[in-house]
Amino acid sequence: MAAFYEGRVIPGLSRSSPSDLARCRIFVPTQRAAQALALELKRQNRGGRLLPAILPLGALEDDGSALPDDFFDAPAPRAAGELERRMILGELILAWSAHLKQAIVSIDRDGSIRHAPEPLLVGTHPVDAWRLSGELARLIDEMIIEDVAWKNLDALNLDFDEYWRLTLHFLDIAVEAWPAIQRERGLVDPATRQKESIKRAVETVSNADHPVIALGSTGSNISTAQLLAAIARAKRGAVVLPGLDTHLDARSFAALRDAVVSKPTHPQAFLARLIAGIGIDRDDVVPLGTAAAKLAKREEFISESFRPAESTDLWRHWRALQHPADLRAALDGVCVIEAANEREEALAIAVCLREALEDETRITALVTPDRALARRVRAEMLRWDVEIDDTGGVSLGLTQAGTLASLLLKLLDATSWAALLSHPLATFGLESQAPDLARLFEIGVLRSGARVTGRWRPEVDRAREAAQRRDAHPRQKAISEEQWLQLEDFADRLDAALAPLQSLTGRFPLSRWLEAHRQAIVLTTGSDILAPGEDGEALAALFDDLSGAASARYVFDLEAYTTFFDALVGERVLRGAESGHPRLKILGLLEARLFGATRVVLAGLDETVWPPEAPSSSLLSRPMREKLGLSSIDRRIGQTAHDFCQALGTQEVIITRARKRGGVPTIPSRFLQRMEALAGAEIFDDLRVRGARWLDFARRLDQSAPVAPLKRPDPKPPMELRPKTLSVTKIETLRRDPFSIYAQHILQLEPLPPLDEETGAREIGVAVHAVLEEFCRAHPHGPLPEDAREKLLDLLKRQLGALANDPEFQTFRWPRLQNGIDLYLAYEAERRPALKKLFIEEGGALSIPLRDGSEFLLTCRADRIEFSVDGNMAVCDFKTGAVPSFAQISAGFSPQLTLEAAMIARGGFRRIKPGPVTSGFYIPLGGAPKSAVSEIKPGPRAREKLTFEELAEEHFSELQKLLNDFRDPRRGYPARPFPQFASRYNDYDHLARTREWSIVGANEADDA
């Protein structure tokens, strides 16, 4: 900037000639670069009002429409908008596929087509056509910009496989159909307008008598390079070349003049071509300043590192001439951070940026092509309440307005509805009441097993009834009548908001979907506009653009429209007004060329990130592009290499990479590999050591102070809070995991029902129990009817409801349930002849006096109690899951049936006369292979040969002792005291922090 104001860029143009400064025009790469340069000029101009006009070359490279109206003498032809053009091209693709109908086997040289009997799949769907239209539009622009005639495609027929003619047939859309539409509508391609704009700009600057300057551009675009050449030749013109390599030997640099084709990955390829286009030699370029000794040495090192591959044999000679101290000094301000993953990389970068703020003279920039990494860094900086502007912007699909619009199209289940209701813009006209009602709706309705049927009002009524059931969650039972009335109104609002979209069942034109989608957003936000803020305005603009360009051929169902909309909203980039910290920036690679930072962080130096992976094309292969004379698809690598080299000229450089991204190992960027190969492992290891300092800071940032190993929790609540009643199944829990009883019955913590809970073992078990209860009540004694199996299966299907018709259930679960029913009928056939009376789902309760004078109420609901003609009684339990082993039963960890027997013996069942129970059975109904009725009796190898009656008495005695123990204030409720008998999972393991203390060896025996 000093050279500009001192008159060294253009003679006579300086701070002392304000009129010339006001007439001067400066071209920069992008609009963001123009804004940054304007701010710097104001700062350097010490408040002066006369500033040059700054024009973004990006405006010319787009279509010139963003330039001021007075830039050209005559208006340029109208270019088709990108959305409009892609809509038309997509329509032509759909017409092409509809005309063909069947898949193409081959196309002969005379143009005759041979079809296959299969239908054509390419371009038949609007979403597929939209994707192809993007590729086709990019190819059209490339052909125009690089002056490649479409007729050159015919020459490819002779050099490539005959299958190429299929693509050639498709490209007739661009060769014939699209130009015809352009002529009819008076349109040109954006690239045509761009060339015309640049052509006029060339004429303008060639005849201008005012100063014209271009800076920051390498001329990678052929048309832009022509403008830069015209500026360089203008009377008062100057081109400031960014990062021209003056150290590379003349022979190697001269070889780069054609490197755009042969060596497109070299950082100097485009500059070499630009210099040749201007008509000068590299030696004719005048340097604007002299770098400090260390930075000059670093420039030389970087130049040598990126030497063309053909001459890297000279590295050894160059290295031998260097003094190690000079080389170390050149890289003194450089460090390399190698993080474990992208999260650690982002945190280390955030630490670098935050530390820089401690020095008020330091200006820091993060430069990266990885937008996801940039978002991570911005999020990490918020821990210090520091906002950073990102010149790359954010995808409209990631903004509040964009996510709301997408969520409205994906309401397929309760989880997606919960996501919508938690969105801050989804107020449905209720403003501040909406968040509370949304949470209540989720608990009361979405988590009640609600079905997403398209209307929520009936589901509220069903959820209200479900909340009255015995097994309903306490939070659902606590919803008042007034709150249910509020939920009814809320459900009506939800139904009204989604009605426009739900009315479109089937396939409809794009215009209908856009209208319904827009209405749904407005009703959801409860305002007259789609959404507040810049993202809302951008979303509205997208809908307007789509509505103006919508074609009748674009016909979608809901799923296809959702995919189409997500693609569009993801392509739109929103760049808001700058509001971040003035000394911190996140920059794209182009903007970084003109940003004067004292510390720069170059992030994402991994292959496929920086440099990026070369884009693939479904239309032209690499050899085809080369044959046509199109630029190599690897040219982007050369451009990013140039940006990397230029950024390395900053005084302090921090390079970062991640050894894994997305859990997948990465390869260091070829740029880093070249630098390490030249510098040597020892020097480069020093760079990593310096970078490790930042990693250490990042790792310690979230590191807590050492804490003592967590012991097994053993809470000891007051006696008055301890439960005074439990069921026999909960006694099993009390034995296996007392902490679960503490959490559920003392802390009163009940896990909420999950969203979209799949019908699983619990629901099937409930259905089976209900069916057997109904069947046995209908046949309490005597032989079963001959059609018992058919009746049972029919009852079971009706009880299972919609689940019975699910194909997966019918394939995998239904056959096993049939096996379970067969096993049950076999058991009945064996027991019925001696059966006198049968009790099904019988409830019982027994009061047990304890030592401290209190009483404990033991309850149960017995599945089946049998009275035999010989006076014996038996208890049975239906199991759709696993049957406990005799070892678990005898040890008292599965005492359900034995305690039921003890209750019967003590008169715990009102309708059953007290008496001994002589046997107990588990009847497995899950249909597992080799399952059989299991009678509770000791096996031949059992040490104790207790009868079932004796075992029941022993378990009751142990229960009395256990209950008395829990009346001791010193007795706690430990978590999993017997790990070998604990359930694998339960709802309270996370509260007990089981994983923290249950590591093998972490707890001694006394912990239990």
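How many nonpolar, polar and charged residues are in the lining of the second largest cavity?

1. The model is predicted. The answer to the opening question is five nonpolar, two polar and two charged residues in the lining of the second largest cavity. This cavity has a volume of about 70 Å³.

2. The lining of the second largest cavity consists of Ile 731, Arg 735, Gly 892, Pro 895, Leu 899, His 955, Glu 958, Leu 959 and Leu 962. Two elements, helix 32 (728-736) and helix 39 (948-965), each give two or more residues to this lining. Helix 39 gives the most, with four residues.

3. In total, the structure has four cavities of 30 Å³ or more. The volume of the largest cavity is about 130 Å³. It is lined by 14 residues, and those closest to its centre are Pro 723, Phe 856, Leu 963, Phe 966 and Arg 967. By class, the lining of the largest cavity has nine nonpolar residues, one polar residue and four charged residues.

4. The charged end of Arg 971 sits over the ring of Phe 966, at 4.3 Å from the ring centre.

5. Rings also pair with other rings. The whole structure holds 27 aromatic pairs. One of them joins Phe 644 and Phe 671, with 5.5 Å from centre to centre and 25 degrees between the planes. The pair counts as stacked because its planes are under 30 degrees apart.

6. Where do Phe 644 and Phe 671 lie? Phe 644 is in helix 29 (residues 635-647) and Phe 671 is in helix 30 (residues 670-679), so the pair ties together parts that are 27 residues apart in sequence. Both Phe 644 and Phe 671 are buried.

7. Elsewhere, ring pairs build a cluster. Its members are Trp 130, Trp 513, Phe 543, Tyr 554, Phe 556, Tyr 561, Phe 564 and Phe 565. A reader can find these residues in the structure above and follow the links from ring to ring.

Methods
Residues are numbered from 1 along each chain as its sequence is written. This is a predicted model: local features need pLDDT of at least 70, side-chain atom pairs count only at pLDDT 80 or more; totals for chains, interfaces and linings use all residues. Side-chain values use heavy atoms; hydrogens and water are left out. Rings of Phe, Tyr and Trp (its six-membered ring) pair if their centres lie within 6.5 Å; planes under 30 degrees apart count as stacked, over 60 as edge-to-face and the rest as tilted. Buried means under 20% relative accessible area, exposed over 50%, partly exposed in between (1.4 Å probe, protein chains only). A charge sits over a ring if NZ of Lys or CZ of Arg is within 6 Å of the ring centre and within 35 degrees of the ring normal. On a 1 Å grid over the protein atoms alone, a cavity is a set of points where a 1.4 Å probe fits but cannot get out, and a pocket is an open set with protein on both sides within 12 Å along at least five of seven lines; lining residues have an atom within 4 Å of a point. Grid points are joined across faces, edges and corners, and a volume is the space filled by probe spheres set on the points. Ala, Val, Leu, Ile, Met, Phe, Trp, Tyr, Cys and Pro count as nonpolar, Asp, Glu, Lys and Arg as charged, and the others, Gly among them, as polar.
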